[in-house]
Amino acid sequence: MLGLLELPDFRLLDSTGNRLNISQIGLPLISKQILLSQLQSGGFDPQLVNLKLGNDSEEFGVVEWRGMNLSKGYVGTKISTLDPNSYDAWGVTNNFSEYRELALLAIAHLARGNSPIVVGGSDALAVPSLYLEAGATAVVQDKSGAANWAIFDHVLGREPREKLTGVIKADGTKYPKSTNVLSPEDWPIPSLEVIKQCFGQYHCWTVPINNEDFSPVGSILFDIGCDRTCDFCQTPTYGTGYKRMTPKTALVWAAALKEAGARSIISGSDQFLGRVLFPEGKQEVLDILNGLRELEMPISWLNGIELRKATRGGGNNKYDADLTPDEEIVEAVWGWDGKVGCIHAYIPAERPIVGRESYKKLLPWNHHCEMMKAIVRSGVPNIDYGVIIGFPDDNNESLLYLEEAVSELFQELKTINPKLILGCGVMCIAPLPGTPQDYSIREKNLLRFEDPAIFGNVIMSSSDTLHLSYEEVADWQRRLWNLSSKSTVISAEPLTKSVSFSKVLANFGKFFKQLL
C-alpha cells in the first residue's frame, strides 16, 4: 500500500493568537484526487492519509516580523502520531513555499522508518535539494503525472513497466522528463470513493456565504500549463505545454462528482480559456459550461480566469487585437441565473494599472474596466478581486493611483449590481523560487525574509521596493483592503476551523493596532 500524505493546516500566529495566514481547511483536495485515481489505474493501492483532519495543534518555530515574534505551527493530526513503516511507500506533495518547513518536518519524521518517500509538488520541484536532504528518496519533476508509475515501481522494487523519467534521486541522479507528457484528457476518472475522500466545503476567499447550498464541493482541473511566461509564475518551468480536457471528458468528470454527492464544483484552472487559442476552442468552452448547467452543477473559479482570453481577440497580444469582451464567452464563464452557472469568481487583476509589464496576460486598464462591467452584468453574485503590490518600482504615488482607480471601478460595478458581494484581496509579492520575479528581487537585494513562512505568505510583505520598506508595503496592503465591500469585522473563529480571507483581515486589523 502507498500512503499519500495530505499535510496538516499550517498556521502563523501573533502573540495574542490572531491567525495571519489563510487556512486550506475546507478546500477540496484537487491534486490528491488526480493522484489517487492515477495510481489506482496503475495497479497500486494508494490510501489517503489526511492530516488536515483532527484538532491537534503543535508549534515548531518562531519568526520575527516588524519587531514581533510570530509563532509557526499547524492544526490537524500530529505528524508524530504517524508510523513511518505503516505503508510500503509514502507520497508527499507540497505546492506552496509557505508549507515548506511543515513538509520537511513530515518527511524527516517518515524518514525514520524504512519505507521510501516520493515527493512532488511545485515547491519540491523548485528546490529539490531541500527535500532530498530532509529524507526524500526521490523528488518528482514532472507535473503531468507521467513519472508516477515508474518511480513507485522503482522504489517498491517492482519490475519496471516504463523507464524512469522526470525524477531526481537522493544520490543526485537526474532522469530527464518524458517527452510523452500526460494531458488531463489522459487522467482516469476518479472512483466515487476517491471523489468523496477529496470533497471540500464551499469556499471563497473573502467571506463565507451559504455553504449548505453548495456543499460538498468537488473539483476538476480542466487543463495544465499555459501559453504565457509571466514573471511571477512557475508554470513555464514545468515543461508541460498547454494541455486540456475535451468537453466529453470534462462532463464525465462532472457527472461523476454529482453522482458522488457534490453540489458544486471548484476549478483550480486559471487557463481554462487557453483553449480559445485553437480553432475549436470557443465551442469547447461553451460545450463544457453549458453541460455543467444542464447537470445543475454551479462552478467557482477559485484560481481566476485570464480576462484577456475572454475578448473577441481571444488572448492575442498583437497591438491591433480586438480587446472588447466576447459577450458569449463572458456569459458562459461568469453568468449566473440564481441556480446554475458561476457562483463565485476570483478575478486575477494582479496589477491592472502601473506594473502590468510583469504580467503578459493583463488587459490595458480601460479594457479591463469594460471586461469587469461585462462580468458583473452576467450575474455572478460573488467576486474576489485580486491585486498584488510590492513590485520593485512601487512607490506611494503608484499605489495611490491604484487605490483611486480600483475604488472608482468598484463604485461603477456596485452601480451595475448593488447586491454584488465584492471583495478586494490585496496580496504582497510572494517570490516563487526559480521565477524571473524571484531572481529580480534577489538581484536588487530587496528580499528581507528568507523564511518561507513569510515570503511564501501573500498576506505578509516580505520585500522592500526601490522606494518603500516592507513595513510601508504592509501599511499600503492594509489600506487597500478597505476597498472591499466585504471588509466588515468578523471575530476570529477557533483555529481548528477554516479561516477565510475576511477573518485574516480582521485578525490583521487587531495585529496592526499592536504596532501603533
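A residue counts as buried when its relative accessible area is under 20%, as exposed when that area is over 50%, and as partly exposed in between. In this predicted model, glutamate 296 has a relative accessibility of 42%, so glutamate 296 counts as partly exposed. Glutamate 296 lies in the loop that joins helix H9 (281-294) to strand S15 (299-301). Its backbone is also worth a look: the phi angle of glutamate 296 is near 55°, a positive value in a residue other than glycine.

Arginine 66 can be read alongside it. For arginine 66, phi is near 55°, again a positive value in a residue other than glycine. Arginine 66 sits in the loop between strand S4 (56-65) and strand S5 (68-76).

Proline 216 belongs to the loop between helix H7 (211-214) and strand S11 (217-220).

The crossing of H9 and H10 is left-handed. On the H9 side, the contact is made by Lys282, Val285, Leu286, Leu289 and Arg293. On the H10 side, Glu328, Ile329, Glu331, Ala332 and Val333 take part. Sorted by class, the contact of H9 with H10 has 6 nonpolar residues, 4 charged residues and no polar ones.

Note on methods:
Residues are numbered from 1 along each chain as its sequence is written. This is a predicted model: local features need pLDDT of at least 70, side-chain atom pairs count only at pLDDT 80 or more; totals for chains, interfaces and linings use all residues. Side-chain values use heavy atoms; hydrogens and water are left out. Helices (H or I, at least four residues) and strands (E, at least two) are DSSP runs, numbered from the N terminus. Buried means under 20% relative accessible area, exposed over 50%, partly exposed in between (1.4 Å probe, protein chains only). A crossing is left-handed if the near helix is turned anticlockwise from the far one by less than a right angle, and right-handed if clockwise. Contact means heavy atoms within 4.5 Å. Ala, Val, Leu, Ile, Met, Phe, Trp, Tyr, Cys and Pro count as nonpolar, Asp, Glu, Lys and Arg as charged, and the others, Gly among them, as polar.
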